[in-house]
Amino acid sequence: MSSAQHPPRVVEAYIGEYASEKSEIAVNRALELVRLGKQVTLVDLDLVEPCYTLRPLKKELERAGMTVLAWETAELIGLGETGNVLKPSTRFCLLRPGDVIMDIGYGISGARVLNLVENAWEDPDLKIYAVINIARPMTATVDQIVDHVRDMGRVDGLINNSHLGDETDVAIVDQGARTVAAASRILGIPVVTTVVAESLAASFGKNDLYGHPVRVIRRYMPRAFW
Amino acid sequence: MAVEIELQPKMPKCWNLASKPHKFCPGCGHGLVLKALGQAIDELGIQDRVVFGCDIGCSLLSWDFFDVDSVQTHHGRTTPVLVGVKRANPDLIVVAYMGDGGGYAIGSQHLVNAANRNDRITAILCNNTIYAMTGGQMAPTSMPGQKTETTPYGRDVNEQGYPMLGPEMVAAITHEGAYVARGTVSKLRTLKGYIKKALENQIAGRGFSFVEALSTCPTNWRTNAQQTWAFLEENMQGYFPVGELKVPADAAGGASEGEEE
Amino acid sequence: MSETSAKPVEGERKVFMTGNEAVCWAALAAGAEIMYGYPITPQNEIMHYWTRNVPKFGRRFLQTEDELSAGFTTIGGVLAGRRAFTATAGPGNVLMQEPLSMAEAMRIPVVVVIQQRGGPSTATVIYSQQEVTLTCFGGNGEGLRIVYSTSSLQELYDYTIKAFNTAWKYRFPTFVLADGYQAKMRESLNIYDPAARGIEMVPTEPFLGRPGKIGEGREAAHLRNTYNIEEELAEVLERDIADYERVAPEIVEHDSFNTGDCDLLVVAHGIVFRSAAMAVRDMAGQGKKIGFFRPITLRPFPEEQFRAAAAKAKTLLVAESAYGQLLKIVQQNLYGSTVPIRTLLKPGVGITPEEITDECSAILAGKGA
């Protein structure tokens, strides 16, 4: 529970493997909170491939009613190579009121990226979620997932986001839920949700086969470049 | 007596105000190195004669940092571009600014040969132990055991070798007239003193001048302020000794010039 | 730097020398102030004769650590406002594409002399026409370059002088493309002071280190070749490409003979053109309906003139000491035409007038495929 001076809020950081759809899930979560009438800040903390994740969507998301902390295209002129530069305001994102959703890129440092965010480790509401897709070869088995999650530092919950893009079927989602659940038992870290795309939502109820709540997402990233 | 209160830290006169605030990350050392360089240019009164060249990597973010003639080049190629400028117009004071990748990896042949030819240029190399702009890969100066995106299990010195000791190498191959030093952004006045002496060495036409600046990259180190400082002061300075390695006999003044208070 | 009184070439006179020397004397006569270079055969004598003349005429030279450096130091020399140049060949030309792509991106008027050698790789130090594609279209860009292909020592002299003016007038990297044969062969030519022929050298100016105080009459220059977003790059490229296409008609040069209504039109460039011209003139003298078209600028290509000539020919023969590098350019510029193209492609090997005569005779006799 949070103190009276610090009313409870949603503070979530999404980490995980390259192309595990951290950004997609973060964007969907932020939009869901906006629809609940909450004040939301979405933060691009991808330091390995920044600018390309949330940038093209920035305006659209802002129109939906949230604050997006990501580089503006115009601000990037002259940055060159990839513009792997931390936007100063992202460092202080947790000092903002309301809910904060952080999209953290892949990389060997995992959750340690949060060292760069003021007050992250003191924030009572912070939840760090690892996004896992068993269709990715480095996180395909229970053992691999256990090693991967242990490598990333503090993780508070696992998200089963197993899919095969346009070829996703119910079987891969179910297999993912089973595998992530097994890893969860070894790690002692709960599975927070199983993510399914809108197109498959009808095949699932409120929970997946293993009782994890199902979160339906819409894919926005095809409109981003990467 | 009236007390003057400065609300803002003073920016060097030769900084380009139109490009401030600068584009480096919070906690990045580049801004400090460039502040030291800016102060040295101001103190020497050479703004109108300086040609500043920057490399690829985060150093390129300085392409419009100064109100001096500037050129952004290719990765590793800032040294030859400015050698070319200096050879074509020796009245100019040229500064080649690069990172550890540009100077010690892809452009190492240029650094070595410009140093050996005793080209009258000033090379300033920012050593932050990592390729930052490309997303945190191993640099020639990455520390033993340091985890990077290309050494995810840590730099193994048996596989990847030891961190490059650049100033030591340059000092070993240069001859009379060269100036070589290693400073750190944690002792900024000393660093400024080294850079100033490096520029004076060029102005006096003595020879090649080279300053490596130990610098910080909290973004890619994934460190908070305390961890950043500890890495710089303990890990890096333990391996990369700070000080002057080569001072021409006829150079004015000693290392005391820029001592910290 | 070049304020010595003596001119390297006074007036005009006939001399006997090698091609590399001709390049050197042309650069001296053109007022080139500094050469940067790295040894590679067959262009070395350009440096040898340049360095011998450096103290006599107040010029400068820097031997660099490699061709990357030779290219980038040349860029530095030009940025400082000097008429600067370099020369290379083969693997050196490969390395030099990196600096040349920067010169192309930033419209830096460098002049580069290429003496083609055999390729790929180290191959031969002797001869080829295999660096056409590399010189015209090397680098990660669109080939916004100007490439003169010479066929004699007189042309080496003429076009080396011209290259400096073209580069500084249009601000595109400019190449004199010759080959190992032209580099080493010796023949007579006229060397001259450009002024004696009424050729005015286009003045140079510094891009960096301009005179005056910053903030009082001049702004600091901030030159770059990096762009973060696609649109920003596209804007620069669209401007440069439009400039290039606008000036191309002023730049293109060609030579042709007997192009009206001929049974066979021989297309060749550089030293192979010399063989082709001899063969074609000889056969035409014997009453054959045969002509030639020779592009002098390979980039930009004299497309309009070439299409007009090809339209009146029954068959084309492309001859080159490469396996289709000129051919590719020819085909591209003939798009839509149905004129048959025959080829005589000898990568890395010279082509004699007799070989061209034999090939032409066979074609005219309706033989061969």
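Colleague: What does the secondary structure of chain A come to?
Modeller: In this predicted model, chain A has 5 helices and 8 strands. Along the sequence they follow the pattern β-α-β-α-β-α-β-β-α-β-α-β-β.

Colleague: Over how many bridges do β5 and β6 of chain A pair?
Modeller: Strand β5 (residues 126-132) and strand β6 (residues 157-160) of chain A pair over 4 bridges, in the parallel sense. As for individual residues, A:I132 has A:N160 in β6(A) as its bridge partner.

Colleague: And what percentage of chain A is buried?
Modeller: Of the 226 residues in chain A, 47% are buried. Regarding contacts between residues at least 6 apart in the sequence of chain A, 70% join residues at least 24 apart.

Colleague: Let us move to chains B and C. How many residues does each chain bring to the contact?
Modeller: Chain B brings 29 residues and chain C brings 32 residues. On the side of chain B that touches chain C, at least two residues come from each of β2 (69-72), α2 and α4 of chain B.

Colleague: Which element gives the largest share of that side of chain B?
Modeller: That is α2(B), with 8 residues of the side of chain B that touches chain C. By class, the residues of this side divide into 12 nonpolar, 11 polar and 6 charged.

Colleague: How many bridges join β2(B) to β11 of chain C?
Modeller: There are 2 bridges between β2(B) and strand β11 (residues 222-223) of chain C, and the two strands run parallel. Opposite B:S70 stands C:H222 in β11(C), while B:V71 has C:L223 in β11(C) as its bridge partner.

Colleague: What is the strand order of the sheet that includes β11(C)?
Modeller: That open sheet of 8 strands has the order β9(B)-β7(B)-β8(B)-β4(B)-β3(B)-β1(B)-β2(B)-β11(C), and its pairing is mixed. At its edges stand β9 (243-246) of chain B and β11 of chain C; each has a single partner strand, so one side of each is left without a neighbour in the sheet.

Colleague: Back to α2(B) for a moment. At what angle does it cross α4(B)?
Modeller: Helix α2 (residues 78-88) and helix α4 (residues 108-116) of chain B cross at roughly 35°, and their axes come within 8 Å. In this contact B:T79, B:P80 and B:V83 of α2(B) meet B:H110, B:L111 and B:A114 of α4(B). The classes are 4 nonpolar, 2 polar and no charged residues.

Colleague: Now chain C. What domains is it divided into?
Modeller: Chain C is divided into domain 1 (12-197) and domain 2 (255-364). Taken over C-alpha atoms, the centres of domain 1 and domain 2 of chain C are separated by 26 Å.

Colleague: How many residues does each domain of chain C put into the contact?
Modeller: Domain 1 of chain C puts in 24 residues and domain 2 of chain C puts in 19 residues. The side of domain 1 that touches domain 2 draws at least two residues from each of α5 (132-137), β6 (146-149), β7 (174-179) and α7 (180-184) of chain C. The largest share of that side, 4 residues, comes from β6(C). In terms of class, that side of domain 1 has 10 nonpolar, 12 polar and 2 charged residues.

Colleague: Which residues have the most contacts inside the largest nonpolar core?
Modeller: They are C:L265 and C:V266, in a core of 244 residues. Helix α6 (residues 153-170) of chain C gives the most to this core, with 9 residues. Domain 1 (12-197) and domain 2 (255-364) of chain C each supply at least three residues to this core.

Colleague: What is C:L265 in contact with, leaving aside neighbours within four places in sequence?
Modeller: With those neighbours left aside, C:L265 is in contact with C:T259, C:G291, C:F292, C:F293, C:A309, C:A310, C:A313 and C:L316.

Key: Residues are numbered from 1 along each chain as its sequence is written. Chains are lettered from A and ligands numbered from 1 in the order in which they are written. This is a predicted model: local features need pLDDT of at least 70, side-chain atom pairs count only at pLDDT 80 or more; totals for chains, interfaces and linings use all residues. Axes are lines fitted to C-alpha atoms, for helices over the stretch in contact, and angles run from 0 to 180 degrees between N-to-C directions. Two residues are in contact if their C-beta atoms, placed from the backbone, lie within 7 Å. Ala, Val, Leu, Ile, Met, Phe, Trp, Tyr, Cys and Pro count as nonpolar, Asp, Glu, Lys and Arg as charged, and the others, Gly among them, as polar. Two strands pair if DSSP finds at least two bridges between them. A nonpolar core is a set of buried Ala, Val, Leu, Ile, Met, Phe, Trp, Tyr and Cys residues joined through C-beta atoms within 7 Å. A residue is buried if 20 or more other C-beta atoms lie within 10 Å of its own, exposed if 12 or fewer, and partly exposed in between; C-beta atoms are placed from the backbone. Domain bounds come from an automatic or database domain assignment.
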